[in-house]
Amino acid sequence: MTDALPPRGCQAAEPAEDGYFRKGCNPLAETGRSKLQNQRAVLNQQILRAVRMRAGAENLLRATTNNKVREQVLLELSFVNSDLQILKEELEGLNISVEVYQNTEETFSIPLVPLGLKETKEVDFTLPLKDFILEHYSEDSSEYEDEIADLMDLRQACRTPSRDEAGIEMLMSYFLQLGYVETRFFPPTRHMGVLFTWYDSFTGVPVCQQNLLLEKASILFNIGALYTQIGTRCNRQTQAGLENAVDAFQRAAGILSYLKETFTHTPSYDMSPAMLNVLVKMMLAQAQECIFEQIGLPGIRNEFFTLVKMTQEVAKVGEVYMLVNTAMNQEPVKENIPYSWSKLAQIKSDHYKALAHYFIATILCDHELQSGDDEDQQEKAFSQLYDYMPEGLKVLTVLKDKVQRKQLGKAHLRKAIVCHEEALRVCGLCKKLRNIDVLQEVLTAAHKRSLLKYAQQETEDDFLSLIQAPDIIPKTEHKIETITPQFSKVKVKDFFHRLGPLTVFSAKQRWTAPRTIRIHQEAEELGFSLKGGSPVQIYCLDPACSAALMGLKEGDYIVSVGGVDCKWLGVNEVLEKLKSVGEQPIEMEVISCQDTTSSVHSKSATYSVGMQKTYSLICLAMEEDKTDQTKKAPLKLPFLSWGTKNRQKAASTLCLPSAVAGSSQIKKKLSPFTLLNTESSLY
């Protein structure tokens, strides 16, 4: 593990008071994982430059009519496209560098695939937040410099989290802190001028938006990615290590599934619903693989019922990897998923399918039905392995007849050898996988074992045997499911707690500047009552009292009494302060809520439960065109405003690109490197 770099004001080994560790790994430490992340950052910058050159060349090509210039631009475009393809292959090489993330112990297992962390640029919250505090909350923004610095330190630490539970807790703390920041400083009616830039984990293309939801979604992706790295790091030679690996992959799948369901229309390919669906399947498949390794860790006894159980368990692993491989080869995921990941899923599917056939062949070749065996139990167990028996064969007959047992066993061995050879062939065709030594060793050893088993059987009747090995029914006693993230277990204190209760002092509420009211007690009466929680409100105000004459209004909130902040005090505590001064006048500061109509940018599309996901930006543009043409259509509520009336049903979303009124939107199929004309573009 790399060294920790604590931010200013935080001890190196002490947890922060609000429950998280504000430290990340040293990005300059010469570890394998940090080198990979640094290489990823360099590639992202190179891809950014190439994408900008490509955008400029395409703009020039559209603008010019000179044939000579067009020829030169087309030549330049071909060079840029070739450069982008090379950079994409280099990025794919980083994504398949699985050896770096594996456990350092000597192991003889097929490597597991982790996700790389998304890279981001630094963000300066100082000026936007200080301006908003002064403008919106009418407070001295210089008093909140430490809180803003803590927020920026936490974000900086989240760029290099440690690969353990402390790193997970830190990322979750920042994610929850963003919820507070969004409520306090990001009103729905305008942008704050804070630009968030995140790089796609698979294509390296940057996405830049002023939307805080991009930041939240990217942090969620990195939490899932960090769980995958923790899972691959576990020692798979111990029961505890395998249990931790299964748990980590299930939690990674849960985080990615939560991201898919909560944030729709994400502008980054690695966080698109189709890609996240594939990643969830891949994580659950790796958890299933670890379950099989956990069952076989003590050793697989050459016993009838044990082999039956292992046959169906390993067949289940092969089935889930087959589904993963199928999903990876579907559009639009196929264009962006690393090619080596797809081939590794195919290799694992063939490998574990071959193991299933090898186990059932061992049952048939090594275990003849003896007089003392329970025929009914063996017949019942064996019949559960197949949907159907080969023509002319019955389960009980096969178990009793030595010749039929051997013929069916050899058919399964032939099928196992074919699957092993296919796995080795695919591995040899992929350059990245061909260089993973442990993968080659595992596949070769399994292939030789099947060949040896087949050579031990008599071969005289091979040409007369027409039996084809039937497919095996996959089954597992250990159901693998996603683990929903439990953010409530992470205790986080609002950095900007001093601004007041979040339910009252938020970006959606508009307030007047604090007014000073000088109170004189009249016959031990204040002339008003107090109600509510924190902060307290003026209630039953006597219009003839001195406070009312000085400008106190019904419904005003008391924020300070005698220079002491009262935003978090209750009714009894405020009354005690007001009455403790005796006959001396006391000054209190109050604020009034301004009437505001919550208006949301009408060009932002979302999707609510019960409505089709395809109702998006195109529909909004069509509505605007229709309104402009008729000029008589009544003003409609924006689509996102409709969602606010159904808050229990609405799903959070990232904003789609803005539609321009009066212009038609032409929907084009975008490649990973053509995100330049949308709100998520570079400029």
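The model is predicted, so local features need pLDDT of at least 70 and side-chain atom pairs count only at pLDDT 80 or more, while totals for chains, interfaces and linings use all residues. Residues are numbered from 1 along each chain as its sequence is written, and side-chain values use heavy atoms, with hydrogens and water left out.

Now colour by accessibility. Of the 683 residues, 51% count as buried. Buried means under 20% relative accessible area, exposed means over 50%, and partly exposed lies in between (1.4 Å probe, protein chains only). Among contacts with a separation of 6 or more, 76% join residues 24 or more positions apart. A contact here is a pair of heavy atoms within 4.5 Å.

**Stop 1: the cores**

Select Leu-115, Phe-185, Leu-279, Phe-382 and Phe-496. These touch the most other members of the largest nonpolar core, which has 141 residues. Such a core is a set of buried Ala, Val, Leu, Ile, Met, Phe, Trp, Tyr and Cys residues joined through side-chain atoms within 4.5 Å. Which helix gives the largest share of this core? Select residues 339–366: helix 10 supplies 14 residues.

Zoom in on Leu-279. Not counting residues up to four places away in sequence, Leu-279 touches Leu-115, Phe-202, Phe-221, Leu-256, Asp-270 and Trp-341.

Next, select Ile-517, Ile-558, Val-574 and Val-590. They belong to a second, separate core of 22 residues.

**Stop 2: helix 3 and helix 4**

Select residues 126–136 and 145–158, which are helix 3 and helix 4. Their axes come within 10 Å and cross at roughly 145 degrees. Axes are lines fitted to C-alpha atoms, for helices over the stretch in contact, with angles from 0 to 180 degrees between N-to-C directions. The crossing is right-handed.

Show the side chains. Helix 3 contributes Thr-126, Leu-129 and Lys-130 to the contact, and helix 4 contributes Glu-145, Ile-148, Leu-151 and Met-152. These residues divide into four nonpolar, one polar and two charged.

Stay here for Ser-138, in the loop between helix 3 and helix 4. Its phi is positive, about 55 degrees, although Ser-138 is not a glycine. Most residues other than glycine have a negative phi, and most peptide bonds are trans. Ser-138 is partly exposed, at 28% relative accessible area.

**Stop 3: two cis prolines**

Go to Pro-332, in the loop between helix 9 (304–328) and helix 10. The peptide bond from Glu-331 to Pro-332 is cis, with omega near 0 degrees.

Then jump to Pro-535, in the loop between strand 7 (529–531) and strand 8 (537–539). The bond joining Ser-534 and Pro-535 is also cis, with omega about -5 degrees.

**Stop 4: cysteines**

Select Cys-540, in the loop between strand 8 and helix 16 (546–549). Here too phi is positive, near 55 degrees. Cys-540 is partly exposed, with a relative accessible area of 43%.

Are Cys-208 and Cys-365 buried or exposed? Cys-208 is buried at 10% relative accessible area, and Cys-365 is buried at 18%.

Last, look for disulfides (a pair of cysteine sulfur atoms within 2.5 Å). How many does a search of the whole structure find? The count is zero.

Key:
Helices (H or I, at least four residues) and strands (E, at least two) are DSSP runs, numbered from the N terminus. A crossing is left-handed if the near helix is turned anticlockwise from the far one by less than a right angle, and right-handed if clockwise. Ala, Val, Leu, Ile, Met, Phe, Trp, Tyr, Cys and Pro count as nonpolar, Asp, Glu, Lys and Arg as charged, and the others, Gly among them, as polar.
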